[in-house]
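Please work through each task before reading its solution.

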Amino acid sequence: MQKKIKTQIYEILEKSEMGNLYSLVDDIFISCLIVINVAAFIASTSPTLSLEQKLILENIEIVSSLVFTIEYLLRLWVCTVDSRYSHALWGRLRYGLTPLSLIDLISILPFYSLLLFPNLSFVNLIRLLRLLRLLKMSRYSESFRTLGAVLYAKKEELIATAFAVFILLIFASSVMYFVENEAHPETFASILDAMWWGVVTLTTVGYGDIYPITPLGKFLGAILAFLGIGIFALPAGLIAAGFSEEVQRKKQEKMAANLQQSANYQSIKMLAEIEVGFQQNQSAIALHIESSSELMKMCVQMAKQKLGNEFQNEQILRDLAIHLYNEAVRKFEL
């Protein structure tokens, strides 16, 4: 009984199947609760809130944190249904170290940390961890899973691009520091200050708080701005290509599933037709044999009258049976 209940809860929590009403309700409820909780966190930073409104937002945080805690504990309890985590202790530990399980744990830690230690010096940082609850949406959102699959598929290209940008940033910032430091040392006081200018220039944001004033510095800044346009277009192109490949892959998988389903249906239909045809042939053969048996009796009687004592019963019966079999094979193409 307990195993059956665990299996049902596991299917509701871990398998987002459209045919399972309870699983669908769970997905919608948790997704809505995540959105409400994050919206309440954002609204709680407004300085114009009244005491009643702050109390409502705090109640939302309490209720949602309790729900997320119950969900996390239930997932730990039923994870042993999966053969990968079947061990009562080590299986649950392995499951707790999976990325999504860690996100679930980290997302509920701020509530209990502030509840037990309200005077922590880094309260705001702990509260900020509540935003990780948005990552829980990856369990319930196909879009989140698609984005994760794209980033994972293109990780090598993205890492290579990020490394190239990092090298270019260090090189350009160092050169700009030595070019502009003498002209206005307050602005380009160090390479770190120049790196801020390099980031703003490479990303083509252009805040204008730091900019070169020497002719050589302006020339180098212009070159870096043009390079930034091309370099930062690379990740966008990689991610766009990844999305296109992922969409095509899912379409092919869907088509393959539909073809497999259609093939299975055709196979079942063909087997049913063969079975029906075989049954019809059986009936026809039975009728033919029944009618032929009367003929066999007549043939035996005529043979007795004509041949008398020379009649060999067993031999004639055997010959007539063989003849009947051959006739049935020819007639019904067996």
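**Exercise 1.** By about how many helical turns are Glu 71 and Arg 75 separated in helix α3?

*Solution.* The model is a predicted one, in which local features need pLDDT of at least 70, side-chain atom pairs count only at pLDDT 80 or more, and totals for chains, interfaces and linings use all residues. Residues are numbered from 1 along each chain as its sequence is written, and side-chain values use heavy atoms, with hydrogens and water left out.

Step 1. Helices (H or I, at least four residues) are DSSP runs, numbered from the N terminus, as are strands (E, at least two). Glu 71 and Arg 75 are 4 residues apart in helix α3, so about one helical turn separates them.

Step 2. Their side chains meet in a salt bridge, with an N to O distance of 2.9 Å. The term denotes a side-chain nitrogen of Lys or Arg within 4 Å of a carboxyl oxygen of Asp or Glu.

Step 3. Both Glu 71 and Arg 75 are buried. Buried means under 20% relative accessible area, exposed over 50%, and partly exposed in between (1.4 Å probe, protein chains only).

**Exercise 2.** Classify the aromatic pairs Tyr 85 with Tyr 95 and Trp 196 with Tyr 207 as stacked or edge-to-face.

*Solution.* Step 1. Rings of Phe, Tyr and Trp (its six-membered ring) pair if their centres lie within 6.5 Å; planes under 30 degrees apart count as stacked, over 60 as edge-to-face and the rest as tilted. The structure holds 5 aromatic pairs.

Step 1. The ring centres of Tyr 85 and Tyr 95 are 5.4 Å apart and their planes stand at 75 degrees, so this pair is edge-to-face. Tyr 85 lies in the loop between α3 and α4 (90-96) and Tyr 95 in helix α4, so the pair ties together parts 10 residues apart in sequence. Tyr 85 is buried, at 12% relative accessible area, and Tyr 95 is buried, at 7%.

Step 2. For Trp 196 and Tyr 207, the centres are 5.8 Å apart and the planes are at 10 degrees, so this pair is stacked. Trp 196 belongs to helix α9, and Tyr 207 to the loop between α9 and α10, 11 residues away. Trp 196 is partly exposed, at 39% relative accessibility, and Tyr 207 is exposed, at 56%.

**Exercise 3.** What volume does the largest pocket have, and which element gives the most to its lining?

*Solution.* Step 1. On a 1 Å grid over the protein atoms alone, a pocket is an open set of points where a 1.4 Å probe fits, with protein on both sides within 12 Å along at least five of seven lines; lining residues have an atom within 4 Å of a point. Grid points are joined across faces, edges and corners, and a volume is the space filled by probe spheres set on the points.

Step 1. The volume of the largest pocket is about 430 Å³. Its lining has 15 residues, of which Leu 57, Glu 58, Glu 61, Arg 127 and Arg 130 lie nearest its centre.

Step 2. Two or more lining residues come from each of α2 (21-43), α3 (51-78) and α5 (99-116). The most, 5 residues, come from α3.
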